[in-house]
Amino acid sequence: MAVEEKYLDKLAGPVAEAGKCLLFLFRMLLGIRFSGSQILTVLQQTYLIGARSLVIIMICGFFVGMVLSLQAINALEQFGASDQVSLLVGKSLFRELGPVLTALLFAGRAGTSVTAEIGLMKATNQIEAMELMAIDPIQRIALPRFVAGVISVPLLTAMFNALAILGSVVFSIGVMDLDAGIFWSKLQTGVYFGKDFVGGLWKSVVFGGTISLVAVYFGYSARPTGAGVGTATTNTVVLSSVLVLIFDFIMTSFLT
Amino acid sequence: MEDSKAKVRRSDTPLIRIRDLVFRRGRTTILDGVSMDIPKGSIVAFMGPSGVGKTTILRLISGQLRPDEGTIEIGGKIISSMSYAELKRFRRNFGVLLQDGALFTDLTVFENIATPVREHTNLPEPLIRRLVMSKLSAVGLGGIEEKMPHELSGGMARRVAFARAVVLDPAIMLYDEPMTGLDPIAVSTVRTLMRETNDALGLTSIVVTHNVNQMRELVDYCYIIVAAKIAGEGPPEELTASTEAGVNQFMNGRVEGPIPFHYKPPGAPWGLLD
């Protein structure tokens, strides 16, 4: 009994935190107004956390496409099926690797900066100043960054996929001298727009929402000290990466 | 002009009435039975050693914290019984200047000052621009509107924060250590701004500070808080000459006195340091 209570106590902390996080999400969603200034702030944040992540996403996408083709061709060659490479690359990329890798990169690049920014705003009394000016900081600070994340991740995923296909083209056709016509025709006939590509994008919407929620919540609830902001930033990367992989499995098992 | 200023300062109508205020944090009593009347048009300081609960009073007045006992009444309305929405509306009457200015680091100087205006009014953009620029030139900083907060010196940032605090012409100004970390010229500038704005607009200002010298020339009335209670009150010059041991120790910066050097945790069993 005592052992059970000990475990229950340990469980109570994370459960309470998850509850607070969900309440935080509801408070954010209740603040949606579709006003001009809110849309403008969302666009600004989409630029800052989305567009500014483009370069790293594009570079990574390109090399993931190349290495995927390299491994696929090596394996398929043994069965004389190396012309199937575009099918393998397309399916694995659109369904899994694109959304998941983009989400993990986004958590490292943008999630951390959002947590650190909000945490520092708290440490320098900016959040308190806002409350005293009767401005809701959740609506003004957290909401635009959350929405920007939900918008950015699917767009970045599409960009990642495009660059990965380019990487695959460069390696398979340019380096390994596979036939371009076969490459494109296999991709067109074997990979489905709705099931594979759009299915992957839906996942990335969920990943974007998860990472952004974790990032804004940890920033907002960070202890207002240097160490507190550091811990919150680390927690953002760790928790959002783990959640992305868990949600990926759950969605894949139910949606496909 | 001088007469009318004096009249405002001496006004007997209390705008803020605090009665038997008790506030506890865990087992520690931060404020214990504090009562005071703050007259309209005056500049009042809460002074005391660091960590004594001065900022807590400011947070209780602005409704960020709720008292455990007692009431705070502003203009006839009791703060602790207001709903969140009422409190949000009521806070539009406050202008706040926090330690370090607390400018929004992601916005330009112009947008910093315009934020409360955009949030609480539906003024057209040209009017917002005129309002912001007039406040900015009133604090002597016309022409820096496109700069970011990190490009400003400490004194300039504090003046921008001041312009932001007064942009909606509040009735009550709350200052939390408004002059910390400023050079002597910036201190004088901020002090002059505080006094002149208060008198010109008929505001009521509350300043929380531990800096005795900076407050002597500025405030009309002081409350000295020691060990959760008001140890002394009165105009600054009277308090300097006070014979009350705690007030005298604080106002004259002495080490010896009833305010102890050693921190004693609440409920500590040992009496070695007594």
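Okay, one term before we start: I'll say two residues are in contact if their C-beta atoms, placed from the backbone, lie within 7 Å. Keep in mind that this is a predicted model.

So, chain B. If you take its contacts between residues at least 6 apart in sequence, 65% of them join residues at least 24 apart. The chain has 274 residues, and 37% of those count as buried. In secondary structure we get 10 helices and 10 strands.

Let's go through the sheets. One is an open sheet of 4 strands in chain B, ordered S2-S1-S4-S5, and the pairing is antiparallel. At its edges sit S2 (28-39) and S5 (77-78) of chain B, each pairing on one side only. Look at S1(B), residues 14-25: this strand pairs with S2(B) over 9 bridges, antiparallel. For a landmark there, find Arg17(B), which stands opposite Asp37(B) in S2(B).

The other one is an open sheet of 6 strands in chain B, running S6-S7-S8-S3-S9-S10, and here the pairing is mixed. S6 (94-97) and S10 (229-234) of chain B each have a single partner strand, so one side of each has no neighbour in the sheet. From one strand to the next, the twist averages 15 degrees. S6(B) pairs with S7(B), residues 172-176, in the parallel sense over 4 bridges, and Leu97(B) has Tyr175(B) in S7(B) as its bridge partner.

Now, which helix packs on this sheet, touching S3, S7, S8 and S9 of chain B? That's H2(B), with its direction at about 150 degrees to that of S8(B). H2(B), residues 54-61, also lies across S1, S2 and S4 of chain B, running at about 120 degrees to S1(B).

Notes. Residues are numbered from 1 along each chain as its sequence is written. Chains are lettered from A and ligands numbered from 1 in the order in which they are written. This is a predicted model: local features need pLDDT of at least 70, side-chain atom pairs count only at pLDDT 80 or more; totals for chains, interfaces and linings use all residues. Two strands pair if DSSP finds at least two bridges between them. Helices (H or I, at least four residues) and strands (E, at least two) are DSSP runs, numbered from the N terminus. Axes are lines fitted to C-alpha atoms, for helices over the stretch in contact, and angles run from 0 to 180 degrees between N-to-C directions. A residue is buried if 20 or more other C-beta atoms lie within 10 Å of its own, exposed if 12 or fewer, and partly exposed in between; C-beta atoms are placed from the backbone.
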